[in-house]
Amino acid sequence: MSYDYLHISLLLAAALLCFISLTFILHLVSVRWSLRHVPGPKCSSLIWGEEWLLYHSLPGSHYVKWHSQFGKVLRFTGAFGHQILSITDPRAITFIVGEGIYSFPKPTGVREWFKVTLGEGILWVEGKEAHERHRRPLAPALSTQSVRNLTPIFYETSAKLASQWAKLVDESTSDKTEIEATNWAGRFALDTVGRAAFSYDFDCLSGEKHALADALDGLTNNENKLSSFYMRALFWIFPSILSIGKKGEMIRLTKQELGDIAVRMWRDAKIAGDTNEKNVMAMMLKADASGATTSDEAHLVAEMRTVISAGYETVSSTVSWVLYELATNISIQEGVRKEVSTGGDPSFDELNNKYPLLDAVIHETLRLHPPILENHHQAAETISVPLSEPIQGTSDMYLVIPKGTILEIPVNVVQTDPAVWGSDAEIFKPERWIERKEKGIRQQREIFAFSEGPRSCIGRAFALTEVKALIITLLRQFSFTSPYEIEPFQSFVIRPRIKGQGPSSLPLLVSRV
Ligand code: HEM
Ligand SMILES: *[C@@H]1O[C@H](CO)[C@@H](O)[C@H](O)[C@H]1NC(C)=O
């Protein structure tokens, strides 16, 4: 009896597996057929597609190569034969992240990543109504007006970082002190988002070892391991891979760590009650008190984790790359220092109007080092997308994207288009921003690093302002050079590291000005 039962179960399981595999294969074949007219590189591995190649080369370099060869729409193969569209066509991009955005949610795998690391917050949510419910309370807290009021906090965290650097420089016996900048950039970003968004001090800038900073880093900053490759290649088609093994365990621990802190922050804020502030925490308290959202604690904690993480990794990477660019071109560094050298802490409006070169350096950095390299979406239905020019080898001014297809907008390619930026598009040249302004050149899409449309970065003003405050503070006190050869590598965001070495690093030789 029990033998028969086992037998039947096994048979059923085998049938189910066959069925799933068949459906998968049929889906692959049908997508491939629908996209047969879209050009692209030949599949280099039956199992991994192009994932192995992408993972083991300079971030974004293959996208540049492929798009110069195949045009603005191309397709390549991911793990187990699934098709990925890479799109740089400006009209298609406007549609996908604009009016079409709710037909192009984040891919299931990406959503699963956000769910297991952060919970069901705004980076995870999909659907117009549900998304707007998440976005509405955040918007006033991160608006221009709100950032204007938060600017003094940005100077406080900047000053804390500067005083730590001053200590290191003064303790050193030589006239130049080596300081690892990515670690400090991370601590700055974490403390700033904690204080400015949640009135909470993570106190990473005290310089002590910090469990949260370490945990967040451990999650994404351990690349070049085979397990990281498997995860990256496979989570598109098997999202549950994110919950298994050592990496899955690590993800759970970090989520818990950040969650425990968020719960504490929330309960403290609730006890403290109404303040005059308008930051994220205050908006969440307000929404909670008015009953406007059905906000259980898990929901709030997920949102807090999401905002902290969104404001941490990206800003940390941007600060590192700005420092890197300033360190490798002393004449630019001196130019910006001269521009910002006088006066007290500039106000928010001064930050945005008085320092064209600083502004240009930060935009040029985001243009050449977008922290988020790819903007991923998945077609929720079969949908036709308008194009600005026909796909290579066809006369179609539109592209029909089959349901379920993953598409990817390579931000680096979009931001280095020679048709927009000229033949020196690849070169770090901040003056180009000033020249363009003088000549009145304004492209519709100057930068795509924050994405666009209803799901664009809601923290853009916040990020630009904190980075400016920090760079001004540092340039007034220190000069720095970069003694090692540095390369970008992908570790969720794109970070710098000493060429060929594991985790992120940017050692600078720092002295007082
Ligand atoms: C230089 C720094 C930053 C960059 C380059 C950046 C980039 C981006 C990008 C590309 C997206 C869209 C993601 C997608 O849908 O695929 C995004 C979304 C988001 N960002 Fe940022 N970000 C930065 C800083 C910040 C900061 C400081 C905060 C908060 C204080 C923040 C909060 C968010 C939130 C909440 C979303 C989700 C918006 C939504 O789905 O409606 N970001 N960011
Ligand atoms: C430094 O930047 C200036 C201004 O963009 C440029 O003219 C110069 O060639 C750069 N120097 C180096 C070494 O890249």
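How many residues of domain 1 are in contact with how many residues of domain 2? I began my notebook with that one, and here is what I found.

**Entry 1: ground rules.** I am looking at a predicted model, where local features need pLDDT of at least 70, side-chain atom pairs count only at pLDDT 80 or more, and totals for chains, interfaces and linings use all residues. Residues are numbered from 1 along each chain as its sequence is written, chains are lettered from A and ligands numbered from 1 in the order in which they are written, and side-chain values use heavy atoms, with hydrogens and water left out.

**Entry 2: the two domains.** I looked up the domain assignment, and the protein chain has domain 1 (26–106 + 371–414) and domain 2 (118–352 + 453–513). These bounds come from an automatic or database domain assignment. To settle my opening question, 21 residues of domain 1 are in contact with 32 residues of domain 2, where contact means heavy atoms within 4.5 Å. I also noted that the centres of the two domains, taken over C-alpha atoms, are 30 Å apart.

**Entry 3: ligand 1.** Next I asked which protein atom is a donor to the iron atom of ligand 1. C457 is the only protein donor, through its SG at 2.3 Å. Donors are N, O and S atoms within 2.8 Å of the metal (3.2 Å for Na, K and Ca), and water is not among the atoms, so sites may look incomplete. I found C457 in the loop between α19 (431–439) and α20 (460–477). Helices here are DSSP runs (H or I, at least four residues), numbered from the N terminus, while strands are E runs of at least two.

Around ligand 1 there are 24 residues, and H131, R135, T318, R455 and C457 come nearest; a residue is near if one of its heavy atoms lies within 4 Å. I then checked oxygen atoms of ligand 1 against side-chain N or O atoms: H131 has one at 2.6 Å, and R135 has one at 2.7 Å. R455 places a polar side-chain atom 3.0 Å from an oxygen atom of the ligand.

Which helix gives the most to this shell? It is α13, with 5 residues. I counted α6, α13 and α20 as each supplying at least two.

**Entry 4: ligand 2.** I found N329, I332 and E431 around ligand 2. A side-chain N or O atom of N329 is 2.3 Å from an oxygen atom of this ligand, and a polar side-chain atom of E431 lies 2.7 Å from an oxygen atom of ligand 2.

**Entry 5: helix α12.** Why is α12 largely enclosed by the rest of the structure? Because 8 of its 11 residues (280–290) are buried. Buried means under 20% relative accessible area, exposed over 50%, and partly exposed in between (1.4 Å probe, protein chains only). Among the buried ones I saw M281, L285 and D288. The buried residues pack against α6 (128–141), α8 (181–198), α11 (245–272) and α13 (297–328). At the N-terminal end, N279 caps α12, with a side-chain oxygen 3.2 Å from the backbone nitrogen of M281. After α12 comes G291, whose phi is positive, near 70°.

**Entry 6: L205.** Last, I visited L205, in the loop between α8 and α9 (211–220). L205 is buried, with a relative accessible area of 1%. L205 and K160 are 45 residues apart in sequence, yet 6.4 Å apart in space, C-alpha to C-alpha. Leaving aside neighbours within four places in sequence, the contacts of L205 include T157, K160, W184 and F188.

How values were computed:
A polar contact is a pair of N or O atoms within 3.5 Å; within protein, one must be able to donate a hydrogen and the other to accept it, and residues adjacent in sequence count only if both atoms are side-chain atoms.
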